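Welcome! Take a look at the sequence and the model first, and then read on.

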Amino acid sequence: MAAAVEEENAAGTSKVIAKERIEQGKGLKTQGNEYFKKKEYRNAMKSYHKALLHVKGLVDQPTFPGMDSLEKDISDEDKQEIYQVQFSCYNNLAACLLKDSRWDRAEHYCNEALKLQPQNAKALFRRGQSYFHMKDFDKAKRDLKAAEELEPKDSNIKKMLASLEVELKKIKEKEKKMYAGMFDSHIKKE
């Protein structure tokens, strides 16, 4: 009987610990948002990283024999809050990194965000921006078109798609000139 009470107390304690970590994560995410609004992107990123650390390991952790997992004591509602904190932090980290022109890192965080919410227009848009700046125009177009389908009235998506079309036209023109030059020189040799 004492063992059962002890186990119940341990479960209750782990629930409290999980709740505290979720609340701390949410608070740090909010703090990051405040830094972002002030254009203090480095501080915002620090806050988002700290928020992720607070909720890390609460869900989706592999368990090993003899090792306790907090996940079994976490309600579905709490799990949703954890996923929301994770998603927001990944997506917001991507936004900060875009402001800092760190395209490959922004893409990484967009990928993390999209694992949690595959149909999120903002994350798709941000990843499309990353691809655009890394000159991977096919992937940029795919993501921007997907974002546009989800948010057809978003002017930022439309502007980015227009910029993409301009770049694609430039590439076609360069290719046309290059091939024209190749054929001209070939004809002259004969």
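A helix crossing is called left-handed if the near helix is turned anticlockwise from the far one by less than a right angle. With that in mind, you can read the crossing of helix 5 and helix 6, which is left-handed. Please remember that this is a predicted model.

**The overall picture**
- The protein holds 7 helices and 0 strands.
- The protein has 190 residues, and buried residues make up 34% of them.
- If you take the contacts between residues at least 6 apart in sequence, 57% of them join residues at least 24 apart.

**Helix 5 with helix 6**
- Helix 6 covers residues 137-150, and its axis comes within 8 Å of the axis of helix 5, with a crossing at roughly 160 degrees.
- That angle makes helix 5 and helix 6 roughly antiparallel, because angles over 145 degrees count that way.
- On the helix 5 side, the contact is made by A121, L124, F125, R127, G128, Q129, Y131 and F132.
- On the helix 6 side, the partners are F137, K139, A140, R142, D143, L144, A146, A147 and L150.
- Sorted by type, the residues of this contact between helix 5 and helix 6 are 11 nonpolar, 2 polar and 4 charged.

**Helix 3 with helix 4**
- Helix 3 (residues 76-99) packs with helix 4 (residues 103-116) at an angle of about 160 degrees, and their axes are 8 Å apart.
- Helix 3 and helix 4 are therefore roughly antiparallel to each other.
- The crossing of helix 3 and helix 4 is left-handed.
- Helix 3 brings Y83, Q86, F87, Y90, N91, L93, A94, L97 and L98 to the meeting with helix 4.
- Helix 4 answers with W103, R105, A106, Y109, C110, E112, A113 and L116.
- The contact of helix 3 with helix 4 involves 13 nonpolar, 2 polar and 2 charged residues.

**Helix 3 with helix 5**
- Helix 3 also packs with helix 5 (residues 121-133), here at an angle of about 30 degrees and with the axes 10 Å apart.
- Helix 3 and helix 5 are therefore roughly parallel to each other, because angles under 35 degrees count as such.
- Helix 3 passes helix 5 in a left-handed crossing.
- The residues that make this contact are F87, N91, N92, A94, A95 and L98 of helix 3, together with K122, A123, R126, Q129 and S130 of helix 5.
- Between helix 3 and helix 5, the contact residues divide into 5 nonpolar, 4 polar and 2 charged.

**Two loop residues to look up**
- K39 lies in the loop between helix 1 (2-37) and helix 2 (41-55).
- Phi of K39 is near 65 degrees, a positive value in a residue other than glycine.
- K39 has 62% relative accessibility and so counts as exposed.
- S101 sits in the loop between helix 3 and helix 4.
- Phi of S101 is near 60 degrees, again a positive value in a residue other than glycine.
- S101 has 45% relative accessibility, so S101 counts as partly exposed.

**Aromatic pairs**
- Searching the whole structure turns up 3 aromatic pairs.
- One of them is the edge-to-face pair of F36 and Y41, at 5.2 Å centre to centre with 65 degrees between the planes.
- F36 counts as partly exposed, because its relative accessibility is 26%.

Conventions
Residues are numbered from 1 along each chain as its sequence is written. This is a predicted model: local features need pLDDT of at least 70, side-chain atom pairs count only at pLDDT 80 or more; totals for chains, interfaces and linings use all residues. Side-chain values use heavy atoms; hydrogens and water are left out. Axes are lines fitted to C-alpha atoms, for helices over the stretch in contact, and angles run from 0 to 180 degrees between N-to-C directions. Helices (H or I, at least four residues) and strands (E, at least two) are DSSP runs, numbered from the N terminus. Angles under 35 degrees count as roughly parallel, over 145 as roughly antiparallel, 65 to 115 as roughly perpendicular and the rest as oblique. Contact means heavy atoms within 4.5 Å. Ala, Val, Leu, Ile, Met, Phe, Trp, Tyr, Cys and Pro count as nonpolar, Asp, Glu, Lys and Arg as charged, and the others, Gly among them, as polar. Rings of Phe, Tyr and Trp (its six-membered ring) pair if their centres lie within 6.5 Å; planes under 30 degrees apart count as stacked, over 60 as edge-to-face and the rest as tilted. Buried means under 20% relative accessible area, exposed over 50%, partly exposed in between (1.4 Å probe, protein chains only).
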